[in-house]
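Visitor: Please take a close look at the strand pairing here, and begin with the predictor's confidence.

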Amino acid sequence: MVQSRIRTEFVATHKVISRATIPPALTGNDRGWSYSKPSQSDARDCQTGEWMMNSFTGRCLCGAVRYEFTGDAVLALNCHCRDCQRASGGASTPALFVLRNSLKISGSAKYYDSIGESGKVISRGFCPNCGSALFGQPELMPDVISIRPGTLDDPSTFRPAIDIYTASAQPWDVMDPAIPKFSAAPPR
Ligand SMILES: [Zn+2]
Ligand SMILES: [Zn+2]
C-alpha cells in the first residue's frame, strides 16, 4: 500500500539536521519573507520576553491523532492551489512547516498521496476517524512537514509569510495584501 510505504520511508530516512542545514530558499531568509515571529507582546514567556513557539501541541477534532513539536517553525504560508482547495474545502490551505524529525505524532494518521503541480508527490495526513486535515509532507522537501495550524492547541501565533499558487485563487478568497504573492510555487 503506497501510503504506508511512504510513511515508513519518511521514518527510515530520518536524519538529524540542524536549522543551519535548512536552505535559505526554504525559509525565505534571503528574500525578506522569512517566517515572522509574533511580536514580543505575543510572547508566552514573560520572564525572558522571548518568543516561545518552541514547544507546542495539537490534535484532530476527535483527539485520536495528537502531535507535539519542539523547535522553531521554518516557514508559514497559505497555498491557494486547486488541490489544497479540494483537500481543505476552503479557499486555501494554511501550512506551518516544521522539521520532520522534531514532530512527534501519536495515533495513526492516514495519508493520501497526490501529484502536485510541481510533479512531485504531496502526502496529506488526516485523521481516519474524524477526517481532520493535519499534515502535509512534500516529496520535494523531505526534511520538513507542514501542520495545519488550525489543529494547534493555540493557533493564534500562526503568521503566514507568503501566499503561493495565487493564480488559482478564488474570487471569494481574502488575502493579506501585505505579504508577498507567488502565482505558482515560490522560487527555489
Ligand atoms: Zn480525529
Ligand atoms: Zn496547495
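Guide: Confidence in the protein chain is lowest in helix H1 (residues 2-12), where the mean pLDDT is 38, and highest in S6, at 98. pLDDT is the predictor's confidence in each residue, from 0 to 100. Over the protein chain the mean is 79, and 71% of residues reach 70 or more. Residues 1-26 stay under 50, and the model has 27 contacts for them beyond four places in sequence. For residues 31-52 the pLDDT is also below 50, with 30 contacts beyond near neighbours in sequence. A contact here means that the C-beta atoms of two residues, placed from the backbone, lie within 7 Å.

This is a predicted model, in which local features need pLDDT of at least 70 and side-chain atom pairs count only at pLDDT 80 or more, while totals for chains, interfaces and linings use all residues. Residues are numbered from 1 along each chain as its sequence is written, and chains are lettered from A and ligands numbered from 1 in the order in which they are written.

The protein chain has 3 helices and 10 strands, in the sequence pattern α-α-β-β-β-α-β-β-β-β-β-β-β. Helices (H or I, at least four residues) and strands (E, at least two) are DSSP runs numbered from the N terminus. Two strands count as paired if DSSP finds at least two bridges between them.

One open sheet holds 7 strands in the order S6-S7-S8-S9-S4-S3-S10, with mixed pairing. Its edges are S6 (110-115) and S10 (162-164); each has a single partner strand, so one side of each is left without a neighbour in the sheet. Neighbouring strands of this sheet are turned by 30 degrees against each other on average, direction ignored. Axes are lines fitted to C-alpha atoms, for helices over the stretch in contact, and angles run from 0 to 180 degrees between N-to-C directions.

Asp113 stands opposite Ser123 in S7. The two strands form a hairpin with 5 residues between them, and Gly119 in the turn has a positive phi of about 90 degrees. Elsewhere in this sheet, S4 (residues 93-99) is joined to S9 (residues 144-147) by 4 bridges, again antiparallel, and Val98 faces Ile145 in S9.

A second open sheet has 3 strands in the order S1-S2-S5, with antiparallel pairing. S1 (55-59) and S5 (103-106) are its edges, each with a single partner strand, so each has one side without a neighbour in the sheet. The twist averages 15 degrees from one strand to the next. S2 (residues 66-70) pairs with S5 over 4 bridges, and Ser106 in S5 is the bridge partner of Arg66.

The largest nonpolar core has 31 residues, of which Leu77, Phe97, Val98 and Leu134 touch the most other members. Such a core is a set of buried Ala, Val, Leu, Ile, Met, Phe, Trp, Tyr and Cys residues joined through C-beta atoms within 7 Å. At least two residues each come from S2, S3 (75-79), S4, S8 (133-138), S9 and S10; S4 gives the largest share, 5 residues. Beyond four places in sequence, Leu134 touches residues including Cys60, Val65, Phe126 and Ile147.

Definitions and conventions: Buried ≥ 20, exposed ≤ 12 C-beta atoms within 10 Å, placed from the backbone.
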